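Hello,

Here is the structure I said I would pass on.

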Amino acid sequence: MPAHSPLHFKNRLYYALLAAGGLVVLAGLYAVYLMEHHGHIITGMDDQIVWGMPHVFAIFLIVAASGVLNVASIGSVFGKADYKARAPLAGLLSIAMLAGGLTVLMLDLGRPDRIIVAATNYNITSVFAWNVLLYSGMFALVAVYLWMMMERRMNPWSKPAGFAVFAWRFILTTGTGLIFAFLVARQAYASALLPPLFIVISFAWGMAAFLVAQAAIYAWNDKEPDPEITRRMKNLLGVFIIGTLYLVAAYHLTNLYFAHQTGFERFILLDGGIYPQLFWWGYVVIGNILPLLLIHAPSLGKNKCVIAASMLVILGGFAFLYVFIIGGQAYPLNIFPGYQASSSFGDGQIAAYHPSIYEFLLGFGGLAIAFTITLVGVRVLNFMPQDKPHIAD
Amino acid sequence: MTRECQITGIDTRRRSFLKTSLGAAAVAIAPGMLLLDTAHGQSVSGKVRWGMLIDTAQCKAGCNECVTACNRENGLSGETKPTDSQWIRKVELKDVGSGHELSLPMMCQHCEHPPCVDVCPTTASFKRADGIVLVDKHRCIGCRYCMMACPYKARSFVHEPLHDQNPDVPRGKGTVEACTFCVHRVDQGQQPACAEACPNKAILFGDLNDPESEIAKKVRSVASVQVRVDLRLNPGIRYQGL
């Protein structure tokens with residue numbers, strides 16, 4: 001009997017985690033009910049900050065959902081055995097995070113009850129409408145990809161399916177970047193650098209999310225990942241972090257080069273209050289420098305350090321999106337170049353934003369959806385990476 | 001012979017059944033067709049391009065008559081919290097170089113190439129043939145992408161339940177709205193409320209495409225500019241003295 005007690009404990013822990021995830025989802029749904037009943041007046045969003053905290057959560061989840069598939073692509077497309085063994089878990093995480101992110105995005109709409117209109121009245125010139133197809137296509141493709149990998153008879157098809165997913169997620173993250181890149185009138189967004197920037201940050205955030213989930217599954221099964229595999233994956237995370245830093249620096253430096261953008265850059269990087277704080281401390285230090293130290297410093301870089309680095313990358317991702325989305329809207333639109341403007345509608349003024357509890361509940365509800373799908377997925381199907389004895393590629 | 005009679009009998013019944021059905025269908029559809037015709041009203045002509053010429057020299061700082069008239073006409077609360085709709089607002093400007101000050105009304109610029117229409121996922125934002133940019137309140141899902149895309153910050157989102165609406169100007173909680181050029185008045189040959197209310201006649205409304213219209217003549221004779229002309233959206237509103 002004593003031999004059964006760890007299993008018994010795990011069973012109870014599973015149901016406790018499931019209940020916790022479900023409760024957070026319910027809390028999110030309650031926030032949605034209140035937002036639908038009272039209107040968006042109960043959120044911190046207004047006519048100046050039209051996209052708020054829910055969009056930070058949603059875009060993080062969607063971008064990470066695309067990036068996490070990098071692990072699968074390295075396996076299926078580039079044939080690395082260590083990553084191939086992890087492709088099913090990457091696919092599950094992708095579907096889970098995409099579901100969480102899209103739910104938040106959809107439930108934040110002013111009229112979520114009309115979501116079907118997005119299918120019945122399709123505007124071909126709208127990047128949002130393109131994304132409706134890209135996101136739903138991604139769900140279908142990843143589901144097919146998982147089937148090809150997990151059903152032995154379909155295994156020969158897993159490589160072409162992997163290629164299709166590889167191509168699709170590049171286009172998808174390009175589409176997410178384009179949502180902002182096409183906003184030509186806003187100083188924060190109109191930049192051709194945004195699609196590649198979003199692709200590279202998706203690699204880092206997806207990798208970080210994957211490493212955290214993988215660590216949890218290994219711990220659950222009382223196993224330790226092979227140190228050689230950890231070394232490879234943490235090095236790759238390090239490369240991705242440096243890649244995002246490079247592109248974020250390029251985005252700000254190009255803005256600084258354009259004289260008409262210096263006011264905005266000064267606001268975001270220097271004197272914009274919460275935004276420079278979050279950018280430098282939240283994104284650069286916590287989200288990049290510390291993880292790089294944890295990964296690469298001598299005597300560090302062990303499993304626990306890698307997990308800590310991954311969590312910090314995720315936190316840094318939220319800080320980055322807060323600055324990018326909210327800070328980008330808080331800085332006033334330059335409607336009358338050469339003039340100082342003032343009005344009752346916030347012209348020429350920095351917009352204030354105080355996110356409400358309901359926005360956080362909705363955002364965490366999305367995270368909980370991703371968590372719950374992953375939890376149930378790994379419980380009912382075998383997503384544990386099955387490593388063969390390590391052979392150098 | 002008997003067989004022929006039977007066939008004739010069946011044919012007669014079928015014929016009368018078809019006649020009755022057609023009659024019933026006509027009676028059922030006719031009122032709907034009449035209503036459809038009424039709803040469509042007069043078709044909008046693409047030959048017309050409604051626009052405004054705003055003379056900033058005549059627009060006085062502190063005067064809010066256009067805003068008040070707009071709020072009254074369209075059933076807006078007139079409050080100016082960040083969550084309240086403002087279809088038209090007075091903007092006070094000061095030239096950074098010279099210190100010259102001016103005041104002007106700002107609203108939807110009714111662009112020829114409106115970014116809000118481009119980005120709207122459901123085609124709820126649309127441009128009429130006569131150049132008026134509107135939001136179909138039945139199609140808007142409240143994503144607010146149009147508000148992000150508008151270079152003039154001309155759109156508002158309805159954050160709260162609405163009461164006592166003007167039946168001519170339907171609005172809806174959770175949808176986006178903006179200046180309609182008082183389309184319900186314009187379609188009846190009237191002026192937008194703001195243009196009519198301006199005590200100094202600073203707002204001139206009319207058909208930019210009609211060379212004989214007052215606005216077209218004035219646009220030809222005085223210097224005027226479109227706001228953010230660099231974006232090449234060709235707004236229907238021009239400002240004199242900006």
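In this model, 39 residues of chain A are in contact with 43 residues of chain B. Please keep in mind that the model is predicted.

On the chain B side of this contact, β2, α3 (115-119), α4 (145-149) and β6 (156-157) each supply at least two residues. The largest share comes from β2(B), with seven residues. Sorted by class, the side of chain B that touches chain A has 20 nonpolar, 12 charged and 11 polar residues.

The strand β2(B) also belongs to a sheet that includes a strand of chain A. The sheet is open and has three strands, in the order β1(A)-β2(B)-β3(B), with antiparallel pairing. β1 (339-343) of chain A and β3 (101-107) of chain B stand at the edges; each has a single partner strand, so one side of each is left without a neighbour in the sheet. From one strand to the next, the twist averages 30°.

Now the two pairings. Between the chains, β1(A) and β2(B) run antiparallel and are joined by five bridges. One bridge pairs Ala341(A) with Leu93(B) in β2(B). Within chain B, seven bridges join β2 (residues 88-95) to β3(B), and these strands also run antiparallel. Here Arg89(B) has Met106(B) in β3(B) as its bridge partner.

Finally, a helix goes with this sheet: α2 (residues 65-74) of chain B lies across β2 and β3 of chain B. Helix α2(B) runs at about 160° to β2(B).

Regards

Note on methods: Residues numbered from 1 in each chain as written. Chains lettered and ligands numbered in written order. Predicted model: local features only at pLDDT ≥ 70, side-chain atom pairs only at ≥ 80, totals over all residues. Pairing = 2+ DSSP bridges. Helix = DSSP H or I, 4+ residues; strand = E, 2+ residues; numbered from the N terminus. Axes fitted to C-alpha atoms, helices over the stretch in contact; angles between N-to-C directions. Contact = placed C-beta atoms within 7 Å. Nonpolar A, V, L, I, M, F, W, Y, C, P; charged D, E, K, R; others polar.
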